[in-house]
Amino acid sequence: MQTVNCKKLCSLVVLSFFKRFHRFESIKMQVFTQKRNPLTGGTEWDVQHDDYDYHQEIARSAFADMLHDTERNKKYYRALQLAIEKMHNDGKKANVLDIGTGTGLLSIMAAKCGADTITACEAFKPMAECCLKILERNGVSHKIKIIPKRSTELTVGEDGDMNQKANILVTEVFDTELIGEGALSTFDHALKNLLEEDCIVVPDSAVIYAQVVECPTLQKWNKLNDLADDDLEIMLRAPSKMKECGGSAAVHDIQLSQLPRQAFKEISDQIPVFYYDWSGRSSIDKKRTVKQEFNSMITGNAQMVFMWWELNMDTEGKIVLSCAPWWGHPDADLSSERPQDSIPWRDHWMQAVYYLPQTMAVTKDQVVTLVSCQDEYSLWFYLQNNQTQPKNYKRPICECGVHLALSRTHVSYINDGRRSKKLLGQIKKELSKDSIVLDLNGSSLLGVAAAKISKFVYILEPMQLHIGILNNYIQENAIDNVRIIPEITKDVVSEVTNVICDPNFSSAILPWENLKVAYLLHKYKLESVCLPDGCEFWAMPVEFNDLHKIRVPLNVCEGIDMTIFDALVENSRLISDAEIEEQPLWEYPCKCRGSPRKLAEINFKDLKPTMAGDGVFDIVDASDGSHNINGFAIWALWIVGGKQMSAGPTDLPVLGQLVEWDMHTRQAVKILKHSQVLNSTDKWSYQVVCDLDKGQFNLSIDLVNKN
């Protein structure tokens, strides 16, 4: 990293301002909105486009991978073709209704397949307007009628939105839970009000599968464990109310195929728990409970349920679209080195984890009952056997506060034994029975643990939910030398002998938002920092296997011109989205395409109020050919007791090989608009500015333009 002097720092800041001003100068209307500063914890005024909210919605929904999902597109296309052919073969007109048409892709497919009439509804006005332009661009605007309404608002009749009921319905109103976007009520209303009795629905039906597993790795995402040191001595016992809490029924959507296969054991086979007939041959139940017995495959602890679903696209069940992880996927190549790479990738429909309210010990071949519960929008699960019977099957609700206050990733971070042992080992070295400690992060347990080896501990924490968790630990462990404070006073500063901080705040999203520790150290002029020593920020060019699909343009999709949609999304993205976003990269494989480079280094024991730097690096260090690059990965590396603690790669990345990422933190990524084929003569650059007085950290990173 090149250090920049104060004059250049000012130039960088001014340049940044004028770029921002020029960006908004061309926008007709702006509004002032309040946003939270993650470093200071305060709110600040920001200038935004007056239609910021809907531009953000377009940006979030658009460069998503859904329309890049080739398997989805082709199977919808083929199922529509068969449905229209069947109507024609039966001597009927094919009258198609497309609910939630979005870009109009499915309606255009229906037109290309020879549908006689097509009515499409889209309630989001900007998308409906975009759809009209796409239809015109593709020469089918005269064949498709767009109604800017919800399907439940459509009318049928001579003066209605539809002259007659449709006999073919095509729609995609599914999410990871299948029913979370209101699919049940959408289909139910359409069948009763908008469709003929002998209609064909694409997709025809769906099945939800569940698999009971033991997975200590993912259980770390669910409940807080006892906190142990390197000698396996329990320093903090988890409160009993947390161990007994049923947790939250909120779905944990996840790329299960990226979970290491050795991380879990199957207690049951995949069990079909719910069947949905979208065609109307049987009624749609909006609330039900299903009990199914199975024989446990192993002796172990049933901790959670893995869930996924599949769609039967046609009436004969020959066209099946599966969202299963690789070990349950019908198209997986189980003989390949990485079978997860042999199945279609999608991020709009992942798999789900449902944590059981209580872990159940099971023995091999024991008869166990899986209780699957469903309401109109969600699912949850229980287990029972002859010895254990739940009092009821109500949707689990958190009663311990952890599932309300902390994200699942943050819970897993606190439970990460390798990291916590390093932190605990360091405070044992630094603190004594005479230490008066100030802990700057009340969303961790480090301060409470420090109380076991110190004279007194102040914990900075203004959030009531976090305070409740801390008080539960204090009570459970009979600790009486801790005081939780909402702010730091001069009296506290004068009394403190040691300052500690777990460098992972529950409020942080991007890696540098954890620089809240540096901001607090600077603001209150705190000395005697014993943990952490400092931090570094690193970056490298990468080639994502699939993640880039959430941002790259469509251009042409199944022979349909989507460039108008691309332009709409790109415009909205520039208005509403930051160039750099957070991602849990362990779920999104990527290859290292250049050596990791240090962008910034901050020494907490010798803090400078401002810091700036820039640099230019070669894309690759070798001259042995070219590489595909579609993004950059950025992460933090913390220094604890002079040793590195990575919140990024778990091992040194190797050029051309997949990177192993830390599962308990999130990294930052910049996705390039287009993949680039680059070689050793190509370069990338960065600029970084940190101002602790204002609580600001800005980073820009990009390829160097050869021109």
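1. Which side chain does aspartate 188 meet in a salt bridge? The partner is lysine 192, at 3.2 Å from N to O. The model is a predicted one. Aspartate 188 and lysine 192 are four residues apart in helix α6, so about one helical turn separates them. Aspartate 188 is buried, with a relative accessible area of 14%, whereas lysine 192 is exposed at 58%.

2. Salt bridges elsewhere. A search of the whole structure finds 33 salt bridges. One of them joins glutamate 172 to arginine 72, with the closest N and O atoms 3.9 Å apart. Glutamate 172 lies in the loop between β7 and α6, and arginine 72 in helix α3, so the pair ties together parts that are 100 residues apart in sequence. Glutamate 172 counts as buried at 11% relative accessibility, and arginine 72 counts as buried at 4%.

3. Glutamate 570 forms a salt bridge with arginine 573, the closest N and O atoms being 3.0 Å apart. These two residues of helix α16 (residues 563-576) are three positions apart, which means a separation of about one helical turn. Both glutamate 570 and arginine 573 are buried.

4. Cysteines. The count of disulfides is zero. For cysteine 121, the nearest cysteine sulfur belongs to cysteine 131 and is 11 Å away. Cysteine 121 is buried, at 2% relative accessibility. The sulfur of cysteine 245 has its closest cysteine sulfur in cysteine 400, at 3.7 Å; a disulfide requires sulfur atoms within 2.5 Å, so this pair is too far apart for a bond. Cysteine 245 is also buried, with a relative accessible area of 3%.

5. Helix α4. Seven of the eight residues of this helix (residues 105-112) are buried, so α4 is largely enclosed by the rest of the structure. The buried residues are Leu105, Leu106, Ser107, Ile108, Met109, Ala110 and Ala111.

6. Surface charge. Arg418, Lys422, Lys429 and Lys643 form a positive surface patch. Helix α11 (residues 417-430) supplies three residues, the largest share of the patch. Lysine 422 lies in α11 and is partly exposed, with a relative accessible area of 44%.

7. Strand β20. Tyrosine 382 is in this strand (residues 379-384) and counts as buried at 10% relative accessibility. Its C-alpha atom is separated by 9.7 Å from that of arginine 395, 13 residues apart along the chain.

Methods. Residues are numbered from 1 along each chain as its sequence is written. This is a predicted model: local features need pLDDT of at least 70, side-chain atom pairs count only at pLDDT 80 or more; totals for chains, interfaces and linings use all residues. Side-chain values use heavy atoms; hydrogens and water are left out. Patches are made of residues with over 30% relative accessible area and no salt bridge: like charges are joined within 9 Å, nonpolar side chains (Val, Leu, Ile, Met, Phe, Trp, Tyr) within 5 Å. Accessible areas come from the Shrake-Rupley method with a 1.4 Å probe; for residues, only the protein chains shown count as cover. A salt bridge is a side-chain nitrogen of Lys or Arg within 4 Å of a carboxyl oxygen of Asp or Glu. Lys and Arg count as positive and Asp and Glu as negative; His and the chain ends are not counted. The place of a charge is taken as NZ of Lys, CZ of Arg, CG of Asp or CD of Glu. Buried means under 20% relative accessible area, exposed over 50%, partly exposed in between (1.4 Å probe, protein chains only).
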